[in-house]
Amino acid sequence: MVVKMSVLNYTARMNDWALITGASAGIGYELAKIFAADHFNLVLIARNEARLQKFADELRVQHGIEIKVLAKDLSLPNSPTEIFDALRDTPISILVNNAGFGWRGDFSKDDPQHSLDMMHVNMDSLVVLTRLFVEPMLTRRAGRILNVASTAAFQPGPFTNVYFASKAFVFSFSVALAEELAGTGVTVTTLCPGSTRTEFFERANMKNFRRDFAMMDADVVARIGYRGLIRGKRVVIPGVMNKVSSMLAKFAPLRLAVKAVRRINGR
């Protein structure tokens, strides 16, 4: 069920624009379809321009909305500022920081630049985009921000250490910011999905990792995240199994939690 925009009590002058990073696949792709069905205009951001344009054309035909496509690599430090500058005349009422990637492997053997790129995409770009777009939201006293973390945020991850650490940062930053902005008219929702059927595993060197019994479909995760965003929830953990595992991670001895992740990673 799609929750209507009226919940947010926005004024017509805001034009209902939503910006989504990582919009060409996975959870970001599914979120874009939900926003489009609810008659938001969209800014779609990802690296693959041809893929984005094809997706944008489909959504325009289906829903009659305006869509802007920006092909940007968020591992590049200047990308967030370039995005903001390109949209100075577009009132973004909802910001979705969904772009991110992971990697499984020995930290001592990974290319340091690969780790830095992951940190730029998963953390740096998210922080800068949030900072840039929150200011006009605060001026209007209305806005919503959805930052996609992960259940990985709740414990360290041997052999996926940089990815898990980056998602812990996103969770801590976003929950703190939600409290900081309380009463301003701007909310921050942190979405913490568990294993989800997306292209994430191929890029993360985890093709053999799939645990189908525990995985959720990306469209289901997106719908749950969208409802939580519209309702102004601070933390959204989709799925009963993910809620349980996140709770156990909080209370389990750290040594056991770390060993459990190591076993999951097949090491």
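S125 has a relative accessibility of 4% and therefore counts as buried, the cut-off being under 20%. The residue belongs to helix α4, which spans residues 112-140. The model is a predicted one.

**Surroundings of S125**

- When neighbours within four places in sequence are left aside, the contacts of S125 are with L74, P80 and H120.

**Overall composition**

- The protein comprises 9 helices and 9 strands.
- Of its 267 residues, 52% count as buried.
- Considering contacts between residues at least 6 apart in sequence, 71% join residues at least 24 apart.

**Helix α1 against helix α7**

- Helix α1 covers residues 26-37 and helix α7 covers residues 218-230; their axes come within 8 Å and cross at roughly 60°.
- The handedness of the crossing of α1 and α7 is right-handed.
- On the α1 side, the contact is made by G26, I27, E30, L31, I34 and F35.
- On the α7 side, the contributing residues are A218, D219, V221, A222, R223, Y226 and L229.
- By class, the residues of this contact of α1 with α7 comprise 9 nonpolar, 1 polar and 3 charged.

**Helix α1 against helix α2**

- Helix α2 runs over residues 49-63, and it packs with α1 at an angle of about 25°, the axes being 10 Å apart.
- Angles under 35 degrees count as roughly parallel, and α1 and α2 are therefore roughly parallel to each other.
- The crossing of α1 and α2 is right-handed.
- From α1, the residues Y29, A32, K33, A36 and A37 meet F55, E58, L59 and H63 of α2.
- The residues of the contact of α1 with α2 divide into 6 nonpolar, 1 polar and 2 charged.

**Aromatic pairs**

- A pair of aromatic rings is described by the distance between the centres and the angle between the planes.
- The structure contains 7 aromatic pairs.
- In the pair F35 and F40, the ring centres are 5.0 Å apart and the planes stand at 85°, so the pair is edge-to-face.
- Both F35 and F40 are buried.
- In the pair Y163 and F164, the ring centres are 6.1 Å apart and the planes stand at 70°, so this pair is edge-to-face.
- Y163 has 12% relative accessibility and so counts as buried.
- F164 likewise counts as buried because its relative accessibility is 12%.

**Y226 and the aromatic cluster**

- F35, F40 and Y226 form one aromatic cluster.
- Y226 lies in helix α7, and Y226 is also among the residues of α7 that make the contact with α1.
- F35, another member of the cluster, is one of the α1 residues in that contact.
- With a relative accessibility of 1%, Y226 counts as buried because the cut-off is under 20%.
- Y226 and V96 are separated by 130 residues in sequence, and their C-alpha atoms are 10.0 Å apart in space.

Note on methods: Residues are numbered from 1 along each chain as its sequence is written. This is a predicted model: local features need pLDDT of at least 70, side-chain atom pairs count only at pLDDT 80 or more; totals for chains, interfaces and linings use all residues. Side-chain values use heavy atoms; hydrogens and water are left out. Axes are lines fitted to C-alpha atoms, for helices over the stretch in contact, and angles run from 0 to 180 degrees between N-to-C directions. Helices (H or I, at least four residues) and strands (E, at least two) are DSSP runs, numbered from the N terminus. A crossing is left-handed if the near helix is turned anticlockwise from the far one by less than a right angle, and right-handed if clockwise. Contact means heavy atoms within 4.5 Å. Ala, Val, Leu, Ile, Met, Phe, Trp, Tyr, Cys and Pro count as nonpolar, Asp, Glu, Lys and Arg as charged, and the others, Gly among them, as polar. Angles under 35 degrees count as roughly parallel, over 145 as roughly antiparallel, 65 to 115 as roughly perpendicular and the rest as oblique. Rings of Phe, Tyr and Trp (its six-membered ring) pair if their centres lie within 6.5 Å; planes under 30 degrees apart count as stacked, over 60 as edge-to-face and the rest as tilted. Buried means under 20% relative accessible area, exposed over 50%, partly exposed in between (1.4 Å probe, protein chains only).
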